[in-house]
Amino acid sequence: MTTDPVRWLWAAVAVGLWLATIALVQLSRARARRAAAARSAALAPAGDAPAVLVAFASQTGLAEELAWMTARSLSDAGTTARVAPLGDLDLSELKAARCVLIVASTTGEGDAPDALSRFVRQSMTAPADLTGLSYGLLALGDRTYADFCGFGRSLDGWLHRSGAAPLFDRVEVDDGDAGAVRHWQHQLGLLTGSTVQADWTPPAFDRWRLVERTHLNPGSPGGEAWMMAFEPLGHAPAWVAGDIAEIGLPTTERQPAPGSREYSVASLPADGRAEFIVRLMHRPDGTPGLASGWLTRDLAIGDEVGMRIRTNRSFHGPSPETPLILIGNGTGLAGLRAHWKARAGQTTGQTWLMFGERTRAHDAFLDTELQAALASGALTRLDRVFSRDAGDGRYVQALIAEHAADLTAWVDRGAAILVCGSLEGMSKGVHEALEAALGADALLSLTESGRYRRDVY
Ligand SMILES: Cc1cc2nc3c(=O)[nH]c(=O)nc-3n(C[C@H](O)[C@H](O)[C@H](O)COP(=O)(O)O)c2cc1C
């Protein structure tokens, strides 16, 4: 044993530090426990208070799917949850919820999903009084767009200005990034005090086999467009017109991480197959696009792919009696086709298709089928425009201007409008043409009542 007083002094200091560290750790653990308890209290339905609200703002269905997974996580941890579209809530309902978890995607150019247009106009133009409301926000976006998570961010700012208190920092998800989604799950775990988190991997992909591939536009000045048909091997899911398929990409050297691409489904379960229109894309160096090159070039008839079909509520059609105006360009014909097929053979309101592509000679996609649909009454009217044809040079929006009076009459009779195709150029041009034909207010109220819907990409 040492008798050196300096060593004794150092030993005493070391023991003191050690004790202080333990005390600090315990204090911070107690603080963390108190914070977790406070957050759980924010979640736990007090008395007969309603369940925790999980709200979603979704354009193509992913935010909705994640909202349901969030609710399931909460209920697995013993916290009752209810799911609602954010756009259907008014401010008093939101405030009364006291605790809301929101999954919000961004669409267009940093915009809110279409179903939120009324909410944005009526509720978000100025700060509201949401004091007493706690919220967690999962913002979905994609960094390849200029305004990453634009809507999620403005929603967060508005909630904050309205006096609502964030439970944790906004979680931003870039293109479905699994790490960010796990972070959201972790936050849910802290809220509910549950450490076990069910696996959130989305439903497994079903196996499908490529059975047919047809070149729709040989000789076109534009990129090749292919109609591709897949048959299910085993389980065949149910879906409706407007839904979206995710096709799994093979992992290769160029694509080491598993990925998927989304396509509008052009057929219905009754067809016994899932059909898509795929445009062969090229990268700046001229090589075929990763997914489109694989689908239209490398995949052979008989080859298998993994695929799952996702509900895309914001592009579902109206009731059969409602007159329907379908507007689109290029591969957007796929999403529209499922709609007129769904109305074939039913007593329906009239169905009018407006379609734009490059040349009549090479790009009159599915012409034989369109003529048959006209003959059978599945389509009642067809107008097409070909932008590269001599003396024409107009895009699909030109048809709206040209037939504005008829279009207005259809809308006055209750028609719904579905638009499918490219975001750049087409959807903006079509939107402006519809505003010019119908008036901005009328178009807004069509959006709000779900009679104007878009699936643009
Ligand atoms: C037409 C379109 C426009 C988009 N615009 C943006 C955007 O401006 N900013 C962004 O961060 N993400 C944008 N995204 C990416 C979406 O936010 C992302 O795909 C999200 O997961 C979609 O979720 P949802 O299925 O719930 O709508 C856009 C996606 C599409 C299809």
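User: Which residues of α5 are buried?
Analyst: In this predicted model, the buried residues of helix α5 are F151, G152, L155, D156 and L159. Because they cover an arc of only 135° around the axis, they sit on the same side of α5.

User: Why would residues three or four places apart point the same way in a helix?
Analyst: An α-helix has 3.6 residues a turn, so residues with that spacing point the same way.

User: And what covers the buried residues of α5?
Analyst: The cover includes four strands, namely β1 (52-57), β3 (99-105), β4 (134-141) and β6 (171-174).

User: How far does α5 reach from its first C-alpha to its last?
Analyst: Helix α5 runs over residues 150-161, twelve residues, and reaches 17 Å between those two atoms, which is close to the 16 Å expected at 1.5 Å a residue. Just after α5, G163 takes a positive phi of about 90°.

User: What does UniProt place at residues 52-189?
Analyst: An unreviewed UniProt entry gives that stretch as "domain: Flavodoxin-like". In the model, the span is 38% helix and 23% strand, and its end C-alpha atoms lie 14 Å apart.

User: Switching to the ligand, how many residues surround it, and which are the closest?
Analyst: The ligand is surrounded by 24 residues, of which the closest are L62, A63, S105, G141 and Y145. Two elements, α2 (62-76) and β4, each give two or more residues to this shell.

User: How do the shell residues divide into nonpolar, polar and charged?
Analyst: Ten residues of the shell around the ligand are nonpolar, eleven are polar and three are charged.

User: There is a non-glycine with a positive phi at D175; where is it found?
Analyst: D175, with a phi of about 50°, is found in the loop between β6 and α6 (178-192). D175 counts as exposed because 12 other C-beta atoms lie within 10 Å.

User: What about L366, which phi does that residue have?
Analyst: L366 also is not a glycine and has a positive phi, of about 55°, and its place is the loop between α9 (360-363) and α10. With 18 other C-beta atoms within 10 Å, L366 is partly exposed.

User: Further along, is L379 buried or exposed?
Analyst: L379, in the loop between α10 (367-376) and β15 (381-386), is buried, since 22 other C-beta atoms lie within 10 Å. Leaving aside neighbours within four places in sequence, L379 is in contact with W340, T351, L353, L370, A373 and L374. For L379 and W340, the separation is 39 residues in sequence and 6.7 Å in space, C-alpha to C-alpha.

User: Which residues does I327 touch?
Analyst: Not counting residues up to four places away in sequence, I327 touches M354, V396, I417, V419 and V430. I327 lies in strand β13 (residues 324-329) and is buried, with 28 other C-beta atoms within 10 Å. N312, by contrast, is 15 residues from I327 along the chain, and their C-alpha atoms are separated by 18 Å.

User: Back to helices: what do the buried residues of α7 pack against?
Analyst: The buried residues of helix α7 (residues 290-298) are A291, S292, W294, L295 and T296, and they pack against β8 (225-232), β10 (260-264) and β11 (274-279).

User: Last one, how many helices and strands does the protein have?
Analyst: The protein has 14 helices and 17 strands, and 38% of its 457 residues count as buried. Among contacts with a separation of 6 or more, 75% come from residues 24 or more positions apart.

Conventions
Residues are numbered from 1 along each chain as its sequence is written. This is a predicted model: local features need pLDDT of at least 70, side-chain atom pairs count only at pLDDT 80 or more; totals for chains, interfaces and linings use all residues. UniProt positions are given in the numbering used here, feature names are shortened, and annotations may be inferred rather than shown by experiment. The expected span of a helix is 1.5 Å times one less than its number of residues. A residue is buried if 20 or more other C-beta atoms lie within 10 Å of its own, exposed if 12 or fewer, and partly exposed in between; C-beta atoms are placed from the backbone. The arc is that of the directions from the helix axis to the C-beta atoms. Two residues are in contact if their C-beta atoms, placed from the backbone, lie within 7 Å. A residue is near a molecule or strand if its C-beta atom, placed from the backbone, lies within 6 Å of it. Ala, Val, Leu, Ile, Met, Phe, Trp, Tyr, Cys and Pro count as nonpolar, Asp, Glu, Lys and Arg as charged, and the others, Gly among them, as polar.
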